[in-house]
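Please keep the viewer open beside the text as you read.

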Amino acid sequence: MSYLAAHPLRVALALGAHVELVLGALALAFAIALPLGIRCARGGRVAGLLLGALGAVYTIPSLALLALLVAALGLGTLPIFVALVAYAQFVLVRNVAAGIGGVDAAEREAAIAMGMTARQVLARVELPLALPVIVGGVRIAAVAMVALATLGGYVGASGLGTLIFTGLALHHPDEIIAGSIAACALAIAFDLALRGVERLVSYRSSR
Amino acid sequence: MWASILQHAGRHALLCGEALALAILVGAPLAALGAHRPALRAPLLAVAAVGRTIPSIALLALLLPVLGVGTAPALVALVVLALPPIVVNVDLGIRGVAPAAIDAATGLGMNARQRFGRVVAPLALPVALAGVRTASVEVIASATLATFIGAGGLGDDIVRALQTDDLRLLAAASITVAAMAFAAELFFTRAARALEVRTS
């Protein structure tokens, strides 16, 4: 707490950079995962292969993945950004596919019987009903991304990791504690906020 | 290069194994006790939910000023990281046991202890093992970060490779950690499936 009192601006800037990094990566990751998840919900061999490949990426320990990306892309924000996007794919794609797959066949048939095209069925029936599961995936991904983004401090990206790794290098316990607690608080805040959204959309769709 | 990796992989595996064993030893009885006691279950699951969101590097770094450098803080951090999935799944497994199975056991004249040992525990085991699987993958991944607080393991090789720009070492160490995580996942998946077949 003494570090926060002494350097409120540094902590706030690091927190801001962290949030910016996570939200940017989450937006891009979701834009990629949504079409992939819709494709996976249709099943078939491609779906199995894709989920298997993304699952394999997910098993690679984050430090190893980040290190490999640094070797390929150099230091800075880019490797951590790519790591965040790649790491989130498995959870996001899996939940989009599971959400759409969990839609009652009767709902789908009713929509088709009403004369909806495949596109309309997707946009007006399947995606709205799948929303709680999709938001659940976004929540898990966001919490994992807050954690992974702290490692960015090790490869020269700004964020809360900068405080932690500077503190570790210079033996400043206060700085380590400030960075760590802020990272925990941010992860919990993301979790609570998205849990709220999850509850909101499941209430809506169950009405 | 391989000698260093092998040595670090051994240390890595030992650290993870110890953490996982301790987490099971602490988490499983707690969750089993709490499964049918709301006063214990509610706080236990609440703490587990928070524990799941805490970034592992933050936890490792936080323990450094308290416990110093080395294996002890790393072990504590890894146990804390392994606990939530184990607690949640043991709880899920025990509460998922069909009431009919427990009634049948009572009808056969089993006492509470026999019921738990012969009916509840075997039926809950596959779900509990799924929690151990999640925990093991998380612990193996997080143990690479333990290098930052001086606990050794394969994280040492990855960090050294980054600092010296040694691509071969980097690839070898990364693939070794990934392979360990993958092997643990496969092992516990198989184990859970084998036990499931036997009990049904």
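This is a predicted model: local features need pLDDT of at least 70, side-chain atom pairs count only at pLDDT 80 or more; totals for chains, interfaces and linings use all residues.

Residues are numbered from 1 along each chain as its sequence is written, and chains are lettered from A and ligands numbered from 1 in the order in which they are written.

**Chain B as a whole**

Chain B holds 8 helices and 0 strands; helices (H or I, at least four residues) and strands (E, at least two) are DSSP runs, numbered from the N terminus. Along the sequence its pattern reads α-α-α-α-α-α-α-α. Taken along the principal axes, the C-alpha atoms of chain B fill a box of roughly 70 × 35 × 20 Å. Of its 200 residues, 45% count as buried. A residue is buried if 20 or more other C-beta atoms lie within 10 Å of its own, exposed if 12 or fewer, and partly exposed in between, with C-beta atoms placed from the backbone. Two residues are in contact if their C-beta atoms, placed from the backbone, lie within 7 Å. Among the contacts in chain B between residues at least 6 apart in sequence, 75% join residues at least 24 apart.

Two packed helices are described by the angle between their axes and the distance between the axes. Axes are lines fitted to C-alpha atoms, for helices over the stretch in contact, and angles run from 0 to 180 degrees between N-to-C directions.

| Helix pair | Angle | Axis distance |
|---|---|---|
| α2(A) and α7(A) | about 140° | 10 Å |
| α2(A) and α8(A) | roughly 125° | within 7 Å |

Angles under 35 degrees count as roughly parallel, over 145 as roughly antiparallel, 65 to 115 as roughly perpendicular and the rest as oblique. By that rule α2(A) is oblique to α7(A), and α2(A) is oblique to α8(A).

On the α2(A) side, the contact with α7(A) includes His18(A), Leu21(A), Ala29(A) and Phe30(A), and among the α7(A) residues are Leu122(A), Met145(A) and Val146(A). The residues of this contact divide into 14 nonpolar, 1 polar and no charged. Here Ala, Val, Leu, Ile, Met, Phe, Trp, Tyr, Cys and Pro count as nonpolar, Asp, Glu, Lys and Arg as charged, and the others, Gly among them, as polar.

Where α2(A) meets α8(A), Val11(A), Ala14(A), Leu15(A) and His18(A) touch Leu160(A), Thr162(A) and Leu163(A). That contact has 5 nonpolar, 2 polar and no charged residues.

**Where the chains meet**

The contact between the chains takes 26 residues from chain A and 29 residues from chain B. On the chain A side, α4, α7, α8 and α9 each supply at least two residues, and α9(A) gives the most, with 9 residues. By class, this side of chain A has 21 nonpolar, 4 polar and 1 charged residues.

**The core and its neighbours**

A nonpolar core is a set of buried Ala, Val, Leu, Ile, Met, Phe, Trp, Tyr and Cys residues joined through C-beta atoms within 7 Å. Of the 132 residues in the largest such core, Leu84(A), Met145(A), Val146(A), Leu60(B), Leu78(B) and Ala82(B) touch the most other members. Helix α6(B) gives the most to this core, with 15 residues. Leaving aside neighbours within four places in sequence, Leu78(B) is in contact with Leu15(B), Cys16(B), Ala19(B), Val139(B), Ser142(B) and Ala143(B).

Gln89(A) sits in helix α5 of chain A and counts as buried, with 23 C-beta neighbours inside 10 Å. Gln89(A) and Phe30(A) are 59 residues apart in sequence and 7.8 Å apart in space, C-alpha to C-alpha.

**Exposed residues**

Arg113(B), in helix α6 of chain B, is exposed, with 8 other C-beta atoms within 10 Å.

Most residues other than glycine have a negative phi. His171(A), in the loop between α8 and α9 of chain A, has a positive phi near 55°. Asp165(B), in the loop between α7 and α8 of chain B, has a positive phi of about 60°. His171(A) is exposed, with 10 other C-beta atoms within 10 Å, and Asp165(B) counts as exposed, with 10 C-beta neighbours inside 10 Å.
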